[in-house]
Structures are given as C-alpha cells and as structure tokens.
Amino acid sequence: MKVIAHRGYSGRYPENTMLAFQKAVEAGADGIEMDVQMTKDGHVVIIHDEAVDRTTDGVGFVADYTLEELRKLNAAKLFPDVVDFAPIPTFEEFCVWAKEQDIFTNIELKTSVHYYVGIEEKTIELMKKHDVMDKMYFSSFNHMSLVKTMEISPEVPVGALVVSLENAGQYCKQYGFANYHPDYNGLTQKEVEQCKENGIAINVWTVNDMGGLEQLHKWGCDGIITNYPGVCKEWLKNPHTYE
Ligand code: G3P
Ligand code: MG
C-alpha cells in the first residue's frame, strides 16, 4: 500500500510548501498529494484554498493576486514555531524539484469552486517542459477537469475524487478514470471490492488514525493519503494491531 503525503508532510510542516514536500520525501513517502490553483496573471501555484487567508498572512482570493504579489505572502502561518517564512510554491518550481526525487505526485486540480480557465493546459505544458509526465497523475472533484486532461494527455492517469459514490468501479471504468479517490469516512469494503473487480486503483483520503490505516490495509487499498507519512511508513514495515 502506497503512502501519499497529503499537502506534503502537513501534519508537522506548513501544508503545500516546498519544506513540507521535502520532509515527505525524507520520511520515505511514496508520493505527494498537492493542490493547484491559478493567479490573476495565469500562473499555476500550489495552495489548497481558493483564498489565502487560512494558510498565509494575506487576505483574499488567489485569483485576485499576481504571482509577484502572491510570492510575498508567508505560507508558514500555521506553523510559526517550525519556520519563519515559506512562500507559496509555483507548480514550475515544484516540477524542477520533483524531477530529481524518487517519488510520484498526485496533482489535485482545484477547479470545483472557482473554475480557472486553462489550468489543465498550463499544468500539462509545465509537466512536459520539465519532463515529469511519467511521475505525476491528476485528481479532481471536478470530473470534467479530468476528462479535459485525458483529452490533452491520455497517457497521464487520473483519479476521481469523491466523498462517496454508488457503483464506484463501474463509474470510473465507464469514463476511463484509472483511480478512485474516496473520502475515508463512509468508505465501505463493498466500494473497495467493486473497484478491484473493475481494475480501478483506490487511494483513500485523509487517513490520520492507526485504526483507519489498519482497516484499509486489510481491505487491500492501493494507497492512503495522509498528513503523517512518516508514521504510516513505519507501521507498514511491520503491520500490527494496537491494543
Ligand atoms: O486528494 C485528497 C484530498 O486532498 C482531497 O481533499 O480538500 O484535502 O484537497 P482536500
Ligand atoms: Mg487535496
């Protein structure tokens, strides 16, 4: 079972920063999950929310900032004792770094709340430019965004993000989504089995408790997306039940 670091090693470091990504690699994560949005002047940047308020010292929407303005913000707001300053990374900066790492990347296209016209094309263009097409795949709650990436670059797999879905395996197979990415809360063994029957890989989010890790491992899930990749990797070396 693969361990995918949710927004990097976000349980211990400021989410979606290069520091959190580097720490995920050092903890032995198999992959990194991160979220992309787009600035006013069309740059793809890595941040979870549509607004900068929760994770940085700024206010307002990403879409209202130019890249130059956005880069001045401090994305280390939630971990002031860990690091003084960490900028919001650009996706291009991430690609340059990821090319040299022995990990894969799950790019989550954040196109459900604010639809950033052209974000799929721009993201793929950067992946091609930096030769990382074979190390990355897409996921999104907006399944139209996934269809779009598949039209542009059918060789890059995609994962359907959902809270929960009936007939998940058939759904993914029908639309050509190679992976299913459900919320851990409410996930049933039946859903997992349905995916397996249809040849769909299943990566579950966000798994931050040991009971969940154990259960998903028993059910044979392909990957878990967690804020604590180091802890999960340690457990997987010697899977056991906590009393
Ligand atoms: O990709 C899994 C997970 O990140 C989806 O939810 O809100 O954390 O991006 P969210
Ligand atoms: Mg995400």
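1. Ground rules. The model is predicted, so local features need pLDDT of at least 70 and side-chain atom pairs count only at pLDDT 80 or more, while totals for chains, interfaces and linings use all residues. Residues are numbered from 1 along each chain as its sequence is written, ligands are numbered from 1 in the order in which they are written, and side-chain values use heavy atoms, without hydrogens and water.

2. Who surrounds the ligand. The residues around ligand 1 (those with a heavy atom within 4 Å of it) are His 6, Arg 7, Glu 33, Asp 35, His 48, Glu 108, Lys 110, Phe 141, Leu 161 and Trp 205. This shell has five charged, three nonpolar and two polar residues; here Asp, Glu, Lys and Arg count as charged, Ala, Val, Leu, Ile, Met, Phe, Trp, Tyr, Cys and Pro as nonpolar, and the others as polar.

3. Polar contacts (pairs of N or O atoms within 3.5 Å). Oxygen atoms of ligand 1 lie 2.7 Å from a side-chain N or O atom of His 48, 2.7 Å from one of Lys 110 and 2.8 Å from a polar side-chain atom of His 6. The protein buries 91% of the 290 Å² that ligand 1 exposes when taken alone (Shrake-Rupley method, 1.4 Å probe).

4. The cavity. There is one cavity of 30 Å³ or more, meaning a set of points on a 1 Å grid over the protein atoms alone where a 1.4 Å probe fits but cannot get out. The largest cavity has a volume of about 50 Å³, taken as the space filled by probe spheres set on the points.

5. Its lining. Residues with an atom within 4 Å of a point count as lining; for the largest cavity they include His 48, Glu 15 and Thr 55. By class, this lining has four nonpolar, three polar and one charged residues.

How values were computed:
Polar contact = N/O pair within 3.5 Å; in protein donor to acceptor, adjacent residues only side chain to side chain. 1 Å grid on protein atoms, 1.4 Å probe; cavity = no way out; pocket = protein on both sides within 12 Å on 5 of 7 lines; lining within 4 Å.
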